[in-house]
Amino acid sequence: MNRAPFGNSLSRRNVLTTLAAVPAVALLAACSNSGEEAKAADVKPADPSTPAKPAATPAAAQVPQSSGDVDMAELLKPGALPEKQLGKDDAKVTIVEYASMTCPHCAHFAMTTFPELKTKYIDTGKARYILREFPFDPSAEAGFMLARCSKDNYFAMVDVLFKQQPSWVGVNNTKEALLQISKLAGFTQESFESCLTDQKLLDDVRAVQKRGADEFKVDSTPTFFINGKTYKGAMSIEEMSAIIDPLL
């Protein structure tokens with residue numbers, strides 16, 4: 001099974017000390033996992049607005065093609081970290097997203113599709129949404145760790161980090177950029193550093209990522225599991241509705 005970059009070399013080093021050293025070239029591969037060292041010339045991400053299924057007609061809301069099936073009972077078994085969920089446990093539709101905080105396609109989905117998905121399906125009790133960490137680099141690990149340290153404000157922190165992605169991903173001083181964002185979310189210098197030097201939390205975030213890769217064959221972000229079907233890529237609300245509506 002392919003492993004995300006940096007997994008071995010940073011296994012016993014805290015994220016805080018690695019943020020300044022993250023090369024911008026590595027962050028270009030944040031939405032995919034080749035299993036090899038990423039090179040900028042090799043990274044050919046799809047346009048974030050590209051439908052998950054290229055043949056889908058944007059206006060016709062054609063159902064995107066699933067890339068496989070998973071056992072939902074296995075998928076929903078507890079992992080290394082408590083689930084971060086929105087919506088009712090008994091909703092007819094369950095959506096599990098594996099995302100990376102440094103992935104521009106994940107940010108695109110979060111800003112353009114998710115708000116309407118939440119209003120139309122999650123807030124109405126029709127669907128529940130679970131977000132799982134799938135970081136490909138130390139900056140993504142740091143973002144998720146800060147979200148976890150935000151406790152009840154997990155989703156709010158994720159939302160801010162996605163919206164502010166250009167201000168902290170691939171910049172000269174990622175640590176300082178994240179610190180400034182974190183201060184606006186209520187972190188102090190001390191709590192910021194305490195969070196990013198928490199080795200157990202880092203190990204747990206990596207365990208969530210490893211389980212996704214090993215057990216459910218996640219190799220790119222965003223990857224969605226909707227009632228047992230796998231969908232890869234950032235989908236529009238029309239495409240997600242085309243999947244969800246027949247399940248209600």
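The model is predicted, so local features need pLDDT of at least 70 and side-chain atom pairs count only at pLDDT 80 or more, while totals for chains, interfaces and linings use all residues. Residues are numbered from 1 along each chain as its sequence is written, and side-chain values use heavy atoms, with hydrogens and water left out.

**Strand E4**

Select residues 127-133, which form strand E4. Helices (H or I, at least four residues) and strands (E, at least two) are DSSP runs, numbered from the N terminus. Seven of the seven residues in E4 are buried, meaning under 20% relative accessible area, with exposed over 50% and partly exposed in between (1.4 Å probe, protein chains only). In a regular strand the side chains alternate between the two faces of the sheet. Here Ala127, Tyr129, Leu131 and Glu133 point one way, and Arg128, Ile130 and Arg132 the other way.

**Partners of E4**

Two strands pair if DSSP finds at least two bridges between them. Thr94 has Arg128 as its bridge partner in E4. Look for Gln85 opposite Ile130.

**Arg132**

Now select Arg132 in E4. Its relative accessible area is 4%, so Arg132 counts as buried. What is in contact with Arg132, leaving aside neighbours within four places in sequence? Contact means heavy atoms within 4.5 Å, and the residues include Leu76, Lys77, Glu83, Val96, Glu97, Val208, Arg211 and Phe216.

Two polar contacts can be displayed here (pairs of N or O atoms within 3.5 Å; within protein, one must be able to donate a hydrogen and the other to accept it, and residues adjacent in sequence count only if both atoms are side-chain atoms). A side-chain polar atom of Arg132 lies 2.6 Å from the backbone oxygen of Leu75. The side chains of Arg132 and Tyr98 are joined at 2.9 Å.

**The cores**

Move on to the largest nonpolar core, which has 52 residues. Such a core is a set of buried Ala, Val, Leu, Ile, Met, Phe, Trp, Tyr and Cys residues joined through side-chain atoms within 4.5 Å. Ile95, Leu117, Ile226 and Met240 touch the most other members. Helix H5 (residues 138-149) supplies the largest share, six residues. A second, separate core has twelve residues, including Met72, Leu75, Ala213 and Val218.
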